[in-house]
Amino acid sequence: MTGGGDGNGENAIEVRGLRKAFGALEVLRGIDFSVARGEVVCVIGPSGSGKSTLLRCVNLLEEPTAGRITVAGTEVTDPEVDIDRVRRRIGMVFQSFNLFPHLTALENLTIAQRRVLRRDRPTAARIARDQLARVGLGDKEAAYPAQLSGGQQQRVAIARALAMDPELMLFDEPTSALDPELVGDVLAVMRALARDGMTMLVVTHEMGFAREVADRVVFMDGGLVVEEGTPGQVVGAPRHERTRAFLSGVL
Ligand code: ADP
Ligand code: MG
């Protein structure tokens with residue numbers, strides 16, 4: 001099942017029987033789900049339901065207590081795995097942008113390309129400029145993070161992830177820290193990325209985005225997947241009372 005390196009035709013992410021406990025606190029209580037290549041899956045659910053922990057388990061920022069996770073054909077829960085190699089193939093965007101404050105936008109995009117991928121300076125700069133243009137910030141390469149709005153900083157963070165040529169992107173509430181008027185530009189970049197065929201797993205409270213962009217929506221509560229389906233099914237016609245209660249609070 002794990003097959004060759006590139007894993008063509010396999011799921012981009014496969015999670016089976018995933019459990020995670022912090023001491024006595026069971027945060028993930030048996031999660032099964034998968035993301036196909038090119039698919040956009042939005043994870044929704046109340047605060048504390050385990051969404052961030054799930055995302056962090058996918059690239060082993062948290063070590064699962066039990067279960068199996070395969071990413072792009074590599075089992076990351078295999079004790080022998082070279083997790084740095086796997087992480088290199090996964091772009092991750094958090095609520096906080098985590099840009100280097102003392103580096104320009106361009107430098108924020110070139111540093112990991114040079115250090116991790118060993119790209120030479122001109123190549124890294126060319127790719128950085130392409131990705132900054134892609135997120136609508138072609139004119140901001142010399143700006144420092146403090147000179148950019150929160151939305152622009154988040155778009156730099158997305159461009160930085162894209163510059164590493166990821167096979168899939170994980171987003172953890174990428175717009176939650178932004179002023180409302182800045183959310184739209186970030187969502188537009190994500191929408192374009194989805195249209196370009198990127199595999200995306202997105203934790204979000206933006207139901208409009210989920211409805212419009214997601215191929216599938218997963219509703220989590222209490223460390224379990226309560227229901228999943230198309231946006232029309234889960235957001236439009238939820239079957240479970242807990243999903244309805246959650247949606248009535250966020251819509
Ligand atoms: P969500 O992203 O859905 O809001 P989280 O995955 O962040 O939920 O958290 C789920 C639960 O796990 C919460 O009760 C949280 O307090 C707990 N938790 C998360 N990370 C840790 C940790 N490192 N140590 C202890 N508890 C944690
Ligand atoms: Mg979270």
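This is a predicted model: local features need pLDDT of at least 70, side-chain atom pairs count only at pLDDT 80 or more; totals for chains, interfaces and linings use all residues.
**Close-up 1. The crossing of helices α4 and α5 is right-handed.** The axes of α4 and α5 cross at roughly 135° and come within 9 Å.

**Close-up 2. Helix α3 packs against helix α4.** Here α3 covers residues 105-115 and α4 covers residues 121-134. Their axes are 9 Å apart, and the packing angle is about 130°. That angle makes α3 oblique to α4. The crossing of α3 and α4 is right-handed. From α3, the contact uses Ala105, Leu106, Leu109, Thr110, Gln113 and Arg114. From α4, you can pick out Arg121, Thr123, Ala124, Ala125, Ile127, Ala128, Arg129, Gln131 and Leu132. Taken together, the residues where α3 touches α4 comprise eight nonpolar, four polar and three charged.

**Close-up 3. Helix α5 meets helix α6.** In this view, α5 spans residues 150-162 and α6 spans residues 180-195. How do these two helices run, given that their axes cross at roughly 20°? An angle under 35 degrees counts as roughly parallel, so α5 is roughly parallel to α6. The axes come within 8 Å, and α5 passes α6 in a right-handed crossing. On α5, try to find Gly150, Gly151, Gln154, Arg155, Ile158 and Leu162. Their partners on α6 are Leu182, Asp185, Val186, Val189, Met190 and Leu193. This contact of α5 with α6 brings together seven nonpolar, three polar and two charged residues.

**Close-up 4. Ligand 1 sits among residues of the protein.** Which residues surround ligand 1? Moving along the numbering, you meet Phe22, Leu25 and Val27, then Pro46, Ser47, Gly48, Ser49, Gly50, Lys51, Ser52 and Thr53.

- Gly48 has a backbone N or O atom 2.7 Å from an oxygen atom of ligand 1.
- Ser49 also brings a backbone N or O atom to the ligand, lying 3.2 Å from an oxygen atom of ligand 1.
- Thr53 takes part through its side chain, where an N or O atom is 2.5 Å from an oxygen atom of ligand 1.

Note on methods: Residues are numbered from 1 along each chain as its sequence is written. Chains are lettered from A and ligands numbered from 1 in the order in which they are written. Side-chain values use heavy atoms; hydrogens and water are left out. Axes are lines fitted to C-alpha atoms, for helices over the stretch in contact, and angles run from 0 to 180 degrees between N-to-C directions. Helices (H or I, at least four residues) and strands (E, at least two) are DSSP runs, numbered from the N terminus. Angles under 35 degrees count as roughly parallel, over 145 as roughly antiparallel, 65 to 115 as roughly perpendicular and the rest as oblique. A crossing is left-handed if the near helix is turned anticlockwise from the far one by less than a right angle, and right-handed if clockwise. Contact means heavy atoms within 4.5 Å. Ala, Val, Leu, Ile, Met, Phe, Trp, Tyr, Cys and Pro count as nonpolar, Asp, Glu, Lys and Arg as charged, and the others, Gly among them, as polar. A residue is near a molecule or strand if one of its heavy atoms lies within 4 Å of it. A polar contact is a pair of N or O atoms within 3.5 Å; within protein, one must be able to donate a hydrogen and the other to accept it, and residues adjacent in sequence count only if both atoms are side-chain atoms.
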